[in-house]
Amino acid sequence: MKEYTKGQLALRNGQDKEEIWVAHEGIIYDLTKSRMWRNGQHYEHWAGQDLTEELADAPHSEKVFEKFSPVGKLK
């Protein structure tokens, strides 16, 4: 699986580039097609970041990432 830096991930925020990517537990997921991530924002969360620590406050579990394709690993 291809590796990406935090800087490369940050560009996939739905604004700088069309892709909407987030990382969780070192894996980067493509959320571009998710209707819940319009313009790179999901409630108070922004795309292009590692959301591992923020998931603890979410109303859902990490199983939500099973719906999306992994695109790489976070360096």
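## Secondary structure

In this predicted model, the secondary structure of the chain consists of 1 helix and 6 strands. Along the sequence these elements are arranged in the pattern β-α-β-β-β-β-β.

## Overall dimensions

The chain has 75 residues, for which a compact globule would have a radius of gyration near 11 Å; the value for the chain is 11 Å, which agrees. Along the principal axes, the C-alpha atoms fill a box of roughly 30 × 25 × 20 Å.

Contacts between residues at least 6 apart in sequence were also examined: 64% of them join residues at least 24 apart.

Buried residues account for 33% of the 75 residues in the chain. The largest nonpolar core contains 10 residues, namely Ile20, Val22, Tyr29, Leu31, Trp37, Ala47, Leu51, Leu55, Phe65 and Phe68.

Leu55 belongs to the largest core. When its neighbours within four places in sequence are set aside, Leu55 is in contact with His24, His60, Ser61, Glu62 and Phe65.

## Surface and charge

The accessible surface of the chain amounts to about 5200 Å², and 46% of this surface belongs to carbon and sulfur atoms.

The chain carries 11 positive and 13 negative side chains. The centres of these two sets lie 7 Å apart.

Conventions:
Residues are numbered from 1 along each chain as its sequence is written. This is a predicted model: local features need pLDDT of at least 70, side-chain atom pairs count only at pLDDT 80 or more; totals for chains, interfaces and linings use all residues. Side-chain values use heavy atoms; hydrogens and water are left out. A nonpolar core is a set of buried Ala, Val, Leu, Ile, Met, Phe, Trp, Tyr and Cys residues joined through side-chain atoms within 4.5 Å. Buried means under 20% relative accessible area, exposed over 50%, partly exposed in between (1.4 Å probe, protein chains only). Contact means heavy atoms within 4.5 Å. Helices (H or I, at least four residues) and strands (E, at least two) are DSSP runs, numbered from the N terminus. The radius of gyration is taken over C-alpha atoms; the globule rule is 2.2 Å times the number of residues to the power 0.38. Accessible areas come from the Shrake-Rupley method with a 1.4 Å probe; for residues, only the protein chains shown count as cover. Lys and Arg count as positive and Asp and Glu as negative; His and the chain ends are not counted. The place of a charge is taken as NZ of Lys, CZ of Arg, CG of Asp or CD of Glu.
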